[in-house]
Amino acid sequence: VGSALIQISEETKTVLTSHVKEDISRLESRESHRDLALKRELSANRKSFDHEINELKTLVNKIDADNRYELSVLKSDLMKSEERMKKIVEENSSALLQSISVLLQEERKFVSENAINLEERK
């Protein structure tokens, strides 16, 4: 009976060991598949992330180029405005000087005529 029990125990041990090994093998296989799926997902996410970063870099570079162009246009417009303002100031200064000159001539003429009139009255 004892040897029969030992034999049954050995057979049970062999069967149980076989079941445990199968379970371990299945678990390792599942884990391997899960790891592989996670690695694929990570790789896809990394590629997507890299693509988005490149799109953002492209957008930033485009905005930077647009801003530089707009700045150069604004500088050009400012320089043209400054030139127009200088020209207007020069024209106004010249016109003002001419007006002052005419007024001074009229004032001299008036003073001269008044001096003559005063002399004649005396």
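Trainee: R68: buried or exposed?
Mentor: R68 counts as exposed, because its relative accessibility is 55%. Buried means under 20% relative accessible area, exposed means over 50%, and partly exposed is in between, with a 1.4 Å probe and protein chains only.

Trainee: What kind of model is this, and how are residues numbered?
Mentor: This is a predicted model, in which local features need pLDDT of at least 70 and side-chain atom pairs count only at pLDDT 80 or more, while totals for chains, interfaces and linings use all residues. Residues are numbered from 1 along each chain as its sequence is written, and side-chain values use heavy atoms, with hydrogens and water left out.

Trainee: Back to R68. Which residue does R68 form a salt bridge with?
Mentor: The partner of R68 is D64, and their closest N and O atoms are 2.1 Å apart. A salt bridge here is a side-chain nitrogen of Lys or Arg within 4 Å of a carboxyl oxygen of Asp or Glu.

Trainee: How far apart are D64 and R68 in the helix?
Mentor: They are four residues apart in helix α1, so about one helical turn separates D64 and R68. Helices (H or I, at least four residues) and strands (E, at least two) are DSSP runs, numbered from the N terminus. D64 itself counts as partly exposed, at 33% relative accessibility.

Trainee: How many salt bridges does the structure hold?
Mentor: The structure holds four. One of them joins R26 and D23, with 2.2 Å from N to O. Another is between K86 and E83, at 3.9 Å from N to O.

Trainee: Take R26 and D23. What separates them in helix α1?
Mentor: About one helical turn, because R26 and D23 are three residues apart in helix α1. R26 is partly exposed at 43% relative accessibility, and D23 is partly exposed at 36%.

Trainee: And K86 with E83, where do they lie?
Mentor: Both lie in helix α1, three residues apart, which is about one turn of the helix. K86 has a relative accessible area of 48% and is partly exposed. E83 is also in the partly exposed class, at 49%.

Trainee: Why would such side chains pair at all?
Mentor: Side chains of opposite charge can pair when their charged atoms come close.

Trainee: Staying with charge, how far apart are the mean positions of the positive and negative charges of the chain?
Mentor: They are 2 Å apart, for 21 positive and 24 negative charges. Lys and Arg count as positive and Asp and Glu as negative, with His and the chain ends not counted. The place of a charge is NZ of Lys, CZ of Arg, CG of Asp or CD of Glu.

Trainee: New topic. How many helices and strands does the chain have?
Mentor: One helix and zero strands. The radius of gyration of the chain is 51 Å, well over the 14 Å that the globule rule gives for 122 residues, so the chain is more spread out than a compact globule. That radius is taken over C-alpha atoms, and the rule is 2.2 Å times the number of residues to the power 0.38.

Trainee: What does the C-alpha trace span?
Mentor: About 170 × 25 × 5 Å along its principal axes. For a pair of residues, I24 and A44 are 20 residues apart in sequence and 30 Å apart in space, C-alpha to C-alpha. S48 and K13, 35 residues apart in sequence, are 51 Å apart by C-alpha atoms.

Trainee: What share of the chain counts as buried?
Mentor: Of its 122 residues, 0% count as buried. The accessible surface of the chain is about 11600 Å², with 59% of that belonging to carbon and sulfur atoms. Accessible areas come from the Shrake-Rupley method with a 1.4 Å probe, and for residues only the protein chains shown count as cover.

Trainee: Which residues make the nonpolar surface patch?
Mentor: L96, L97, I100 and L104 make it, over about 380 Å². Patches are made of residues with over 30% relative accessible area and no salt bridge; like charges are joined within 9 Å, and nonpolar side chains (Val, Leu, Ile, Met, Phe, Trp, Tyr) within 5 Å.

Trainee: Where does I100 lie?
Mentor: I100 is in helix α1, residues 2-121. At 39% relative accessibility, I100 counts as partly exposed.
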